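I opened the notebook to record, entry by entry, what I looked up in this structure. The entries are meant for someone who has not seen it before.

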Amino acid sequence: MSTNQVSRRDFLRVSGLAGTALCLGFYFPSSAKDAEVINAIGAANSEVELNAWIHIDTNGKVTIFNHRAEMGQGSFQSVPQIIAEELEVDLKDVNIVFAQGNREKYGNQVTGGSSTIRSAYKNLLKLSATARVMLITVAAQKWGAATADCYAASGHVVHKTSGKKFHYGELVLEASKLEAPKEVILKKTSEYKLIRKPLLRQDTPMKTNGTAVFGLDKKLPGMLYATVERNPRLRGVVKSFDGSAALKIPGVIKVFKVRMGVFKTFREGVAVVANSTWAAMQGKKALKIEWDDSGFEHINTADIYKRQQDSLQSQEGLFAKKQGDPDAQLKQAEKTVDVVYQTPYQSHSCMEPLNCVAHYQGDKVEIWGPIQAPEWVQDYISEQLSLPKEKVIVNMTFLGGGFGRKAFMDYPHEATMISKEMGAPVQVVWTREDDATQGPYRPGISYRCQGAINDGEITALKFRMAGQNNDHWRNGKMTDQANRSTAEGFLKPYYESIKNISFAEVQFETPIPTMWWRSVYASTNGFAYESFLDEMAVATGKDPLALRRQHLQEERSQRLIDKMEAVSGWKQRKKNEGFGVAITECFASTVGQIVKVSRAANGKIKIDQVWAVMDCGWYVNPDIIKAQVEGSIVMALGAATIHEITFKDGLVEQSNFYNYKMPRITDIPPIEVYIMENDENAGGVGEPGLPAFAPALTNAIYDLTGNRIRKLPFDLNAI
């Protein structure tokens with residue numbers, strides 16, 4: 001990416017900072033992929049307000065604007081760690097704040113797809129290096145020295161021979177008048193002082209001493225509190241309600257029907273508004289509501305999977321990817337394998353239930369809360385309320401987990417509509433039961449996996465999936481296009497060695513709301529595809545890891561397998577031990593996992609060890625990566641062996657942690673995480689660590705017991 005000269009009217013303008021700071025950000029031309037690095041002169045007549053990641057005031061204070069949500073994945077640490085490296089400032093001297101939602105300023109702010117670092121790191125490195133060069137240039141001019149005789153360190157520019165120094169605050173005004181250089185030289189990996197170092201996260205003290213502001217912490221003058229009794233079946237409506245008993249609860253102010261948008265659908269409920277959350281909750285319990293649930297199917301879990309599996313036997317589906325002729329190979333194969341895998345619906349179950357504060361003020365609305373996709377919220381509420389987008393102000397707080405659920409627009413829209421009705425700021429709080437029973441959920445999916453073998457080698461793979469397509473919920477209708485994520489999780493090098501491969505979607509719909517869940521389709525695809533490859537290894541008489549080594553010829557894959565083999569002692573496996581392997585790829589990162597199991601003294605399966613090797617290319621903080629992979633494995637363990645969402649007569653059967661149980665600390669095996677060292681482009685971290693665990697676990701159980709598990713979840717104690 002190169003920088004270009006930008007006209008005066010395209011300079012960044014930051015309100016209230018004119019003439020007092022150096023602000024650097026990116027200019028996003030409408031037709032260009034790469035952003036242009038520009039500096040701010042704070043011109044009063046600037047016509048374009050653009051984004052700023054770096055703000056250095058005359059006191060030398062550095063403020064970094066984090067443009068993405070922080071929901072535990074570490075962006076609050078990683079983004080500043082990148083900037084501080086090239087800017088040459090100490091992290092302890094940096095103030096970090098959340099940027100407001102604004103696509104024009106910050107580009108894509110959706111925190112999902114493990115995209116925060118991989119989408120922005122190159123720009124952030126160049127941006128901070130640009131600021132450093134500009135500050136050095138000014139200092140050199142003041143000293144009448146060559147820039148080569150000056151260097152930056154700890155928020156100062158230092159003259160090498162004399163030892164004189166200026167702190168950045170003394171240089172910002174003159175630096176703000178310079179044109180940003182067109183080219184800057186970035187550090188080599190070997191020169192990093194902060195990046196790739198296990199620095200302690202700066203949000204940890206705030207989260208332990210109570211100063212971190214989550215959505216529930218936000219308070220506004222005159223704020224009211226609301227809870228909502230929502231129809232337990234998404235497509236149902238309110239037929240009638242009686243709020244008289246609720247209004248007798250001390251503190252309850254008003255009871256009324258509310259309608260909230262769920263993409264192209266709507267959910268109805270009855271809102272109880274009070275002067276405290278407790279009063280609103282008690283009022284909600286006193287409501288009497290009659291629902292109209294006619295006009296749509298009330299589905300049962302058993303029916304879902306029967307229909308899916310019937311359709312997989314009778315339909316070819318829509319092809320998403322196809323090379324060669326798998327059908328011809330299957331017809332003439334010496335040996336074939338044809339099996340079905342099944343994965344369940346899952347709840348996000350973030351530790352922080354949904355909540356949102358909204359203040360509708362007629363000509364504008366302002367929102368505060370745990371939000372993954374601020375510009376989507378802006379877009380949706382702008383459309384629903386016929387307000388200009390700039391009049392929908394979205395403020396991000398810390399999130400107590402997100403996993404895709406908090407990229408939904410329903411809960412901010414609901415809070416906005418309640419605030420509009422009340423003419424006051426309102427905080428809406430969802431209970432754990434609301435969160436569990438309302439969805440949306442990770443879709444349950446069935447897979448038909450077929451393989452052809454000739455002369456002991458795999459000659460074809462044919463995969464079909466039947467499950468709800470999340471895109472249909474966003475678009476409000478089915479399309480004639482296959483699910484674009486049918487192959488997610490499947491490594492690209494397989495296409496080079498196995499010439500006949502196809503992926504297809506057999507379309508399947510229910511009234512159940514579905515949406516992204518951590519690692520999205522890779523979390524289900526990975527189980528089916530990597531388990532099936534293990535079956536193919538058995539059918540060809542090959543060692544499972546050797547089979548993957550044979551087909552994953554790409555150099556990065558080979559190095560990953562080398563590392564997996566070395567750390568796990570794969571070649572030194574003993575009898576009475578089961579070893580399972582899986583390698584998955586999503587969001588530009590590849591993760592290989594090996595799980596070791598054995599029989600405990602009581603005869604039950606015991607998970608002895610998990611080894612995870614991540615290749616995410618260029619990375620920032622190894623401790624954050626290890627924490628994310630460990631968390632992914634814990635989440636994957638729960639989804640594989642402990643919990644699922646089931647339906648009876650269209651109603652969710654799980655409502656809280658007593659019947660949607662979470663893994664406990666005693667369930668967690670020892671986990672070792674290893675990071676591959678290379679300078680390839682950065683991949684994602686928060687999600688890729690999850691998909692490989694379930695197939696590695698079930699493959700290990702097969703290795704130990706000969707019992708092939710094709711349906712999740714399964715009871716580990718019953719094997």
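**Entry 1: ground rules.** I am working with a predicted model, in which local features need pLDDT of at least 70 and side-chain atom pairs count only at pLDDT 80 or more, while totals for chains, interfaces and linings use all residues. Residues are numbered from 1 along each chain as its sequence is written, and side-chain values use heavy atoms, with hydrogens and water left out.

**Entry 2: the sheet of 4 strands.** I first looked up an open sheet of 4 strands, which follow the order E23-E24-E25-E28 with mixed pairing. Helices (H or I, at least four residues) and strands (E, at least two) are DSSP runs numbered from the N terminus, and two strands pair if DSSP finds at least two bridges between them. Strand E23 (578-586) and strand E28 (671-675) each have a single partner strand, so one side of each is left without a neighbour in the sheet. From one strand to the next I noted an average twist of 15°, where axes are lines fitted to C-alpha atoms, for helices over the stretch in contact, and angles run from 0 to 180 degrees between N-to-C directions.

E23 pairs with strand E24 (residues 589-599) in the antiparallel sense, over 9 bridges. Helix H17 (residues 555-568) touches E23, E24, strand E25 (605-615) and E28, and its direction makes about 145° with that of E25. Helix H18 (residues 622-641) lies across E24, E25 and E28, and runs at about 135° to E28.

**Entry 3: Ala582.** Is Ala582 buried or exposed? I found that Ala582, placed in strand E23, counts as buried because its relative accessibility is 0%; buried means under 20% relative accessible area, exposed over 50%, and partly exposed in between (1.4 Å probe, protein chains only). Its bridge partner in E24 is Gln593. Leaving aside neighbours within four places in sequence, the contacts of Ala582 include Glu530, Arg548, Met564 and Pro695.

**Entry 4: the sheet of 7 strands.** I then turned to another open sheet, with 7 strands in the order E11-E12-E9-E19-E16-E17-E18 and mixed pairing. Its edge strands are strand E11 (252-262) and strand E18 (392-396), each of which pairs on one side only, and the twist averages 25° from one strand to the next. Strand E16 (residues 355-360) and E17 pair in the antiparallel sense over 4 bridges, and Ala358 stands opposite Ile367 in E17. Helix H10 (residues 374-385) packs on this sheet, touching E11, E12, E16, E17 and E18, with its direction at about 150° to that of E18.

Entry 5: Which side chain of opposite charge is nearest to Glu366? Glu366 lies in strand E17 (residues 365-369) and is buried without a salt bridge, the nearest side chain of opposite charge being Lys364 at 4.8 Å. A salt bridge is a side-chain nitrogen of Lys or Arg within 4 Å of a carboxyl oxygen of Asp or Glu; in the charge count Lys and Arg are positive, Asp and Glu negative, and His and the chain ends are not counted. The side chain of Glu366 does make a polar contact of 3.0 Å with that of Asn395; a polar contact is a pair of N or O atoms within 3.5 Å, where within protein one must be able to donate a hydrogen and the other to accept it, and residues adjacent in sequence count only if both atoms are side-chain atoms.

Glu505, in strand E22 (residues 501-505), is also buried without a salt bridge, and the nearest side chain of opposite charge, Arg484, is 9.9 Å away. Its side chain reaches the backbone nitrogen of Asn483 at 2.7 Å.

**Entry 6: salt bridges.** I recorded 49 salt bridges in the structure. Asp615 and Arg556 form one of them, with the closest N and O atoms 2.7 Å apart; this pair links strand E25 and helix H17, 59 residues apart. Asp615 is buried at a relative accessible area of 4%, whereas Arg556 is partly exposed at 22%. A network of salt bridges links Glu229, Arg230, Lys284, Glu414 and Asp434.

Terms used
Contact = heavy atoms within 4.5 Å.
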